[in-house]
Amino acid sequence: MAMNCNPKDEVDGGPPCAPGGAAKTRRPDNTAFKQQRLPAWQPILTAGTVLPTFFIVGLIFIPIGIGIFVTSNNIREIEGNVFMYYGLSNFYQNHRRYVKSRDDSQLNGDPSALHNPSKECEPYRRNEDLPIAPCGAIANSMFNDTLELFLVSNESDPTPKPIRLQRKGIAWWTDKHVKFRNPPGEGTLEEKFKGTTKPVNWPNPVYMLDSEEDNNGFINEDLIVWMRTAALPTFRKLYRLIERTDDLHPTLPAGQYFLNITYNYPVHSFDGRKRMILSTISWMGGKNPFLGIAYITVGSISFLLGVVLLVINHKYRNSSNTADT
Amino acid sequence: CAGEEKRVGTRTVFVGNRPLSETETYVAQRFCDNRIVSSKYTLWNFLPKNLFEQFRRIANFYFLIIFLVQVTVDTPTSPVTSGLPLFFVITVTAIKQGYEDWLRHRADNEVNKSTVYIIENAKRVKKESEKIKVGDVVEVQADETFPCDLILLSSCTTDGTCYVTTASLDGESNCKTYYAVRDTIALCTAESIDSLRAAIECEQPQPDLYKFVGRINIYSNSLEAVARSLGPENLLLKGATLKNTKKIYGVAVYTGMETKMALNYQGKSQKRSAVEKSINAFLIVYLFILLTKAAVCTTLKYIWQSTPYNDEPWYNQKTQKERETFKVLKMFTDFLSFMVLFNFIIPVSMYVTVEMQKFLGSFFISWDKDFYDEEINEGALVNTSDLNEELGQVDYVFTDKTGTLTENSMEFIECCIDGHKYRSETQEVDGLSQTDGPLTFFDKADKNREELFLRALCLCHTVETKTNDAVDGATEPAELTYVSSSPDEIALVKGAKKFGFTFLGNRNGLMRVENQRKEVEEYELLHTLNFDAVRRRMSVIVKTPGGDILLFCKGADSAVFPRVHNHEIELTKAHVERNAMDGYRTLCVAFKEIAPDDYERIDRQLIEAKMALQDREEKLEKVFDDIETNMNLIGATSVEDKLQDQAAETIEALHAAGLKVWVLTGDKMETAKSTCYACRLFQTSTELLELTTKTIEESERKEDRLHELLIEYRKKLLHEFPKSARSLKKAWTDHQEYGLIIDGSTLSLILNSSQDSRSNNYKNIFLQICMKCTAVLCCRMAPLQKAQIVRMVKNLKGSPITLSIGDGANDVSMILESHVGIGIKGKEGRQAARNSDYSVPKFKHLKKLLLAHGHLYYVRIAHLVQYFFYKNLCFILPQFLYQFFCGFSQQPLYDAAYLTMYNICFTSLPILAYSLLEQHIHIDTLTSDPRLYMKISGNAMLQLGPFLYWTFLAAFEGAVFFFGTYFLFHTASLEENGKVYGNWTFGTIVFTVLVFTVTLKPFLKQQRMYFIFAQMLSSVSTWLAVILLIFISLFPEILLIVLKNVRRRSARRNLNCRRASDSLSTRPSVRPLLLRTFSDDSNVL
């Protein structure tokens, strides 16, 4: 019987093999699922249902687009917090060789990785037989220009007044608190990094990036921001925050400003450019006309097509009516 | 198992494995043991064997190669990304196959470990079934199944017979009688059987269940061998069950994998569907796209790198090793890296999803309650889930007539004795009738002839009686029920009963018949000359109570008329032809008196032929042929075979769906023709072209006449349809319809008439004619010819998809030959259903099976396949575009986790649910409007057009995803705290939009249920962008669908108006016949 009781049958859902067996009813269950009669919601895309959708999409998208566009364009007046960015172009932070040239466990404070960085960091792994901390091409090429902003308040007082630039609060929270950690151990930060050397291009070792303890070493926010590789060859990165002091005065009042750049970072060799951007931010992020324009465009097209379809539909109905009669 | 054993020659089996005498030395022969192995794997070889089988699949092998490349070469993505999906696919398939094999193991074990009793040294020994050796004497008790193929030696009954049901082998549930040879009947105890010295010579194992030749040599004390012939009636098959007999003794002749059941189990070839061919074609296109992309990127990479500061800027220097690598080698590895990066364009999980879809989807067929039949208490059965979508692609339907189009429940209608018509009417009671059965006759024949005829009906058959009562009360004939493998015979015996002659059954070789005067006549059954499809007749030789020896013969008119004395034929012939025209099945009855001297000779010849080991069939046939001559015609019978419920409607629907229906039957032309009219295969307006022996025999040289006819018909048809066959579907409705009738002998004349090239030419002309006909009827077909026709059509240009449907053993060959084989669980046994891919209880179920299930399955699988290619192109295109912005450095856009999980969990489950539940058109609409079937014919949804449509949509959507995000990233920041996103965020946004769009996509195609997974993004503008990008990417398709629907709706409105006017002309149901009704509807298209 085994051969006849072909297992495939059972697997295929055939009724259990019971030749000449008891007259167990084999009537299939009359359930909605088995009879393929599940209640179904079927959005049928006919002119009748889609035309209103098009109009509604148009009517919703256009205001949203206008809203976004206006918000985006309003990001001009220097009120509220001001964000200072530096921008680089033609800099391939997203090159594969570059992206992978880091050791995340070293940056997370792993002692063994600190002294024996990952091979991915080559050729920025060791220098003169000492492990580099932080290793890799990304860290080695960290942006090291210094930007300072001064306000020339008025004609009466020609001495430029420096604007306070905040170095902290520019990195992702998760990066600062989870991904990046200084190596454990007793003593000063310098002692923790003992046995390592600075990246070749850096003037100072990693424990001298900042004077403040909670912004030094691997958890230095400038380093963290830099280590988050940009998606495109032209990019900007957050450099400093200019916090609003009080509600009465604008953060950056109108006037003449000086930008003092300590130029360290070479970009000419790869035909690159540097930029400095000051921007305020709205609820939807930085200035970006794209989203607003796109919404307006799509909304308009949708609306327009709604009209066109309405006309087509109307015409078809007329022509078919005349054909029938 | 002794595999080297040849299948030719004979084997000798020593009963009880004892030497024939003490003087002779017994040489043990090696036969295979009685273990059944249907499983493919063992615990040890499962892993290597299964892996080997799986990697023979191109897609799996491709991914293995990619995986190996990733392991060896420095590639952008880790080996996990392709290794894990591959591992997943391989594991799922291995689990499925392992489970199936485990089931087989379990079933095998159940059989192999079951207990059997063997007689050893006059003792009953308990053993496991697998320990049985050839030659062992086995005891089997009632309701047990036979553990191996046994030769019946003796049973508890005195006459050495036993009753067996072979329901599990061929589904025939009626009891069959098996016989022991005369000399061993008495040995019905363990002691006596042990004393038997005998050897059995029989042929080597062969799979035919109904063929067996052998000889038993019994050595009694005198050491003189008595030889008896053995035939299928002595062989108890493994798998059959002993019934109504307390116990039997038998000797094992074939064991284990050599039993007939095991031999039958093998050799079912795998059928592959056309969709799979399309998948392979698409795979090649995508492989080409993949190679192109990789080549383009490699080239551009080296162009870009020709600027030194691009190649190696100060901030991103190469290692020493990288600098020193040979350039050509580097280019090659770069090419490989790009291939690895883009390899996800080939959907790895598609095969596994397609397989799961088919497997799970097939449940809907067996679950369908419309396929449930009250009478047999069964629904549809799916034997192969690989062919679900093929049901939606059928071009040609080949159907059997008897039992498929017709009920195969026979009813005796009338008979003719010496040309006088006797009609039995069951409804009205005629007081004038002289017997207890109501009987009207128009003109009485001679009383003696009448009785002779009725006796012939009572004696010339293989019907058995079965008393329902447990107490063997042969005295109560009212309890009798007749059992036979042929429903015609039952109808005839019942018919005779109506006229007063009742068959009471066999007892000790005596057939007992109660005549009109309530007397019991006993006839000794001397020989039965069994029915076979070639002779088309059967005979019995009986000895009357008076001592005369009579031969009764019944058979098809063409088989009987040439063998009777010529006078008297005419009247009967006219009668037969008239009945055949009415759609009745007719049989002619003849008899012959055999002189005792002649009988002795005949007896000797028959026994000799039956004893023959070689060519027994041929020899028997020759003897039969000699015996059945010079007979006297007595009369003819006609039996009605009712049309199946809704057969005509089903054929109409199939016609309307653009299918060509061919009827292939073994029946005679007139009967088949009238059935065809009744089920509306032919309409009254159909002009019939006949290619039959009748039309050809008019001329002296058959071939010339055939040639003439072929040319003439072709001319006629070409004139009617000047255009190519493409426009045929439309042409049908406008032009004269043609039907073709051809019979078996003419067909063989066409197919293998002569050796020269002319026969090939005939075949071509014949095919041309066939293709232009709306309906084709092939009658007088031998089973093999049916398969021949199917093969011929299958190999036509454009390789149309064929479907065969049948219920009997004679349809098995065509069911196996065609692309899709459908078996009907009919009355002629379950052979067809067993060999089929799908089996249904009735012919009418074919309509829903094809029009609704087939259509849905095809649409589902087509969407599934297209969607898989679509979603992977969508997925990989942004990655390709990203290379232009990262210096062609093979930087992946997506994180490894996304790459790995995209195919496995993000996107494959929704489409699987969709492809199981999708109903783009409601089932009721599909069944009621057969024309919808035409829309998907010719693999329409997997042609280049739809493929390009999906590909372009995928390309558009991929581009929207990428560039939308690209422009979004031109802003300083997307968050309100001014922080900046990096490259992985870019990839995540693209991926999110992608997953949402790809998941929403089936919604556009009308969709049933869904589950949505959440993916958190923190910024408002990203969400806005996501919404926008999804909308933009789906926009063109929405637009296309709407435009299409506008047109379709207006078309449908036109159609509805016309249909409304059509429905005014009411359509009569199945009868009255010969009404052409469907053409009104088909005009609409």
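Mentor: Start with burial: buried means under 20% relative accessible area, exposed over 50%, and partly exposed in between, with a 1.4 Å probe and protein chains only. This is a predicted model, where local features need pLDDT of at least 70, side-chain atom pairs count only at pLDDT 80 or more, and totals for chains, interfaces and linings use all residues. Residues are numbered from 1 along each chain as its sequence is written, chains are lettered from A in the order in which they are written, and side-chain values use heavy atoms, with hydrogens and water left out.

Trainee: Which residues of α26(B) are called buried?
Mentor: B:Q785, B:K786, B:A787, B:I789, B:V790, B:M792 and B:V793.

Trainee: What makes residues 783-794 of chain B a helix, and how does its reach compare with the expected one?
Mentor: Helices are DSSP runs of H or I with at least four residues, while strands are runs of E with at least two, numbered from the N terminus. Helix α26 of chain B has 12 residues.

Trainee: Why is the pair B:E120 and B:K127 called a salt bridge?
Mentor: The term asks for a side-chain nitrogen of Lys or Arg within 4 Å of a carboxyl oxygen of Asp or Glu. In this pair N and O are 3.2 Å apart, so it qualifies. B:E120 has a relative accessible area of 29%, so it is partly exposed.

Trainee: What does the salt bridge between B:K673 and B:E690 tie together?
Mentor: Their closest N and O atoms are 3.3 Å apart. B:K673 lies in helix α20 and B:E690 in strand β29 of chain B, so the pair ties together parts 17 residues apart in sequence. Both B:K673 and B:E690 are buried.

Trainee: Are B:R931 and B:D929 buried or exposed?
Mentor: Both are buried, and their closest N and O atoms, 3.1 Å apart, form a salt bridge. Over all chains there are 46 salt bridges.

Trainee: What makes a set of residues a nonpolar core?
Mentor: Its members are buried Ala, Val, Leu, Ile, Met, Phe, Trp, Tyr and Cys residues joined through side-chain atoms within 4.5 Å. The largest such core has 140 residues, and A:W226 and B:F986 have the most contacts inside it. Helix α29 of chain B gives the largest share, 18 residues. Apart from this core lies another of 49 residues, among them B:A380 and B:L850.

Technical notes:
Expected span 1.5 Å × (residues − 1).
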